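Hi there,

Here is the structure I promised to pass on. Have a look at it first, and then read on for my notes.

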Amino acid sequence: MPAKQRPVTISLEPPTDSPLAEGIHAVAASKSDEMSGFHLLDDGLSAFVARAVLIEEATVSLDLKYYIYEDDSVGHLLTSLLLKAADRGVRVRLLVDDLGTRVVNPWILALDRHPNMQIRVFNPVGGRSGFRRALEQAANFGRINHRMHNKLLLADGLAMITGGRNIADGYFSRSSVEFLDVDVLAIGEALPQARKVFDEYWKHLVSVQVTELLLDEDDTHTLDELRKRTRKLLADEQDSEFARALKKSKMAAALADGDIPFQWGKARLLADPPEKALGKDDIPRHEYPGVQLEKILHGATERLKITAAYFIPGVIGTELFTGLEKQGVKVGILTNSLSSNDVAIVHGAYARYRKRLLAAGVDLWELRTQAGEERRKKWFHGESKATLHAKTFVIDHNLGFVGSINLDGRSLLQNTEIGLLMENSEINQQLNSLFTEWVAPDSAWSLQLLDSGNLAWRAEDKDGDALVKYREPETHWWQRTLAWLLGWLPVESQI
């Protein structure tokens, strides 16, 4: 149906008498109304537990928007909890991106038929699968090329989680490929900002009700059948690491008692307007989070530490980072190596800027696939590897940023993004400590520019002995050749 005929819903007023509300009000009582509280979630299990606890503790509303929402263990568990929340009267709004999340499962319609659940799809392709979908993508590439890369969960309008994690096993330490990532749990003044952003996306014409898509109707997929399926799923998962962690977690009680160790400071939620998905040129560039971040980075005076899963600085970014070095700012950047990167063309484009950055004094590290290997052994007995997915910034000694924004043309110009800028020295230090852990010699390759003009990659093995490589580590010749060739394609703004 046309957007103007769709049901209009806005964020509900936060409750005041629930355990979650009373706990948050108690911990925030002595703080200024302009302050927000922050708590980093830097490991997959705690990030899952935090989401599950907020869903279970909500009494009024749950608003979620995600680029990827997989039909896997994590997706099943959280969807089951969302259904249980809706059954107890909580209004649930779920917005997913159509390319990141293939909405083809007929159970989705059963969920959407729940009187307390609404599901919308951001910037959908007309066809659900096959030839028609391919034609739609080709015919409408200008629109389809803009995706909602956001990650946000709001519980009762009182607490939020944002950062780099999508909803899929790999982001929560349960996959053969583990994404190293960071989220932040926030309360306080950041919440009205987040509610406003969610409402703007939810009501926008590019957010389409799932019933408007061409899904297969199936009368057997009823809510009662879905509830039975949910109970079986929860029973099957009761001995999983996730379920055990949730049972053992004291987070719900800690939230209710005001015992979560929040750090307090001013916060600014940086979020693209949903209109960016229409590809219009009349949106002022200063509204883009990437442009706002660039301005903030220009103000750094001491240090800048960046983790970026996809890093293509381009001419502007290279000048920014080399310029900061000339001004005495110590710049360090961690990104993926070719072996840990899942997009060869991104690595190829990034590689063209390495020598100039290194020559100017910028420190570069590339993640090793072995990073965090000991932690993953409890999950997998076979081969597993790490890949960097975090997007964090440590700026001087008082600012920290956690969000979905990669430093590439796709994030800055094409996709819609979100992230939280936090003014707090302790959060700054926590992010810096995490950066230091990830760039340790057993976790990342340190790049050096040799006198010959060639590159060297340095790290340490498990015994602490030095490792030195003179070409992209842990790769085959054809991977290196492909990345090199793709890196010269004139498509930086699209990747």
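**What I found**

Of the contacts in the chain with a separation of 6 or more, 79% are between residues 24 or more positions apart, where contact means heavy atoms within 4.5 Å. Before you go further, please keep in mind that this is a predicted model, in which local features need pLDDT of at least 70 and side-chain atom pairs count only at pLDDT 80 or more, while totals for chains, interfaces and linings use all residues. Residues are numbered from 1 along each chain as its sequence is written, and side-chain values use heavy atoms, with hydrogens and water left out.

The chain has 495 residues, and 57% of them are buried (buried is under 20% relative accessible area, exposed is over 50%, and partly exposed is in between, with a 1.4 Å probe and protein chains only). There are 18 helices and 21 strands; these are DSSP runs numbered from the N terminus, with helices being H or I of at least four residues and strands being E of at least two.

Two packed helices are described by the angle between their axes and the distance between the axes. For helix H2 (residues 44–57) and helix H3 (residues 73–87), the axes come within 9 Å and cross at roughly 15 degrees. That makes H2 roughly parallel to H3. Axes here are lines fitted to C-alpha atoms, for helices over the stretch in contact, and angles run from 0 to 180 degrees between N-to-C directions. Angles under 35 degrees count as roughly parallel, over 145 as roughly antiparallel, 65 to 115 as roughly perpendicular and the rest as oblique.

On the H2 side the contact is made by Phe48, Arg51, Ala52, Ile55 and Glu56, which meet Val74, Leu77, Leu78, Leu81, Leu82 and Ala85 in H3. By class, the residues of this contact are nine nonpolar, no polar and two charged. Ala, Val, Leu, Ile, Met, Phe, Trp, Tyr, Cys and Pro count as nonpolar, Asp, Glu, Lys and Arg as charged, and the others, Gly among them, as polar.

H3 also packs with helix H8 (residues 223–236), at an angle of about 130 degrees and with the axes 10 Å apart. H3 and H8 are therefore oblique to each other, and their crossing is left-handed. Here His76, Leu77, Ser80, Leu83, Lys84 and Asp87 in H3 meet Leu223, Leu226, Arg227, Thr230, Leu233 and Leu234 in H8. The contact of H3 with H8 has six nonpolar, three polar and three charged residues.

Do have a look at helix H9 (residues 241–248) as well, where Phe242, Ala243, Ala245 and Leu246 are buried. They cover an arc of only 165 degrees around the axis, which puts them on the same side of H9; the arc is that of the directions from the helix axis to the C-beta atoms. These buried residues of H9 pack against H2 and H3, while the face turned away from the buried side carries the exposed Lys247 and Lys248.

**Helix H11**

Helix H11 (residues 289–298) has Pro289, Gly290, Gln292, Leu293, Ile296 and Leu297 buried. Seen down the axis of H11, they fall within an arc of 160 degrees, so they line one face of the helix.

**A few loop residues**

Asn123 sits in the loop between strand E4 (117–122) and helix H5 (130–139). Asn123 has a positive phi of about 50 degrees although it is not a glycine, and at 1% relative accessibility it counts as buried.

Glu474, in the loop between strand E21 (466–469) and helix H18 (477–487), also has a positive phi, near 60 degrees. At 38% relative accessibility, Glu474 counts as partly exposed.

Asn406 lies in the loop between strand E17 (399–403) and helix H16 (409–414) and is buried, at 2% relative accessibility. Asn406 and Ala309 are 97 residues apart in sequence and 6.5 Å apart in space, C-alpha to C-alpha.

Best wishes

Methods. A crossing is left-handed if the near helix is turned anticlockwise from the far one by less than a right angle, and right-handed if clockwise.
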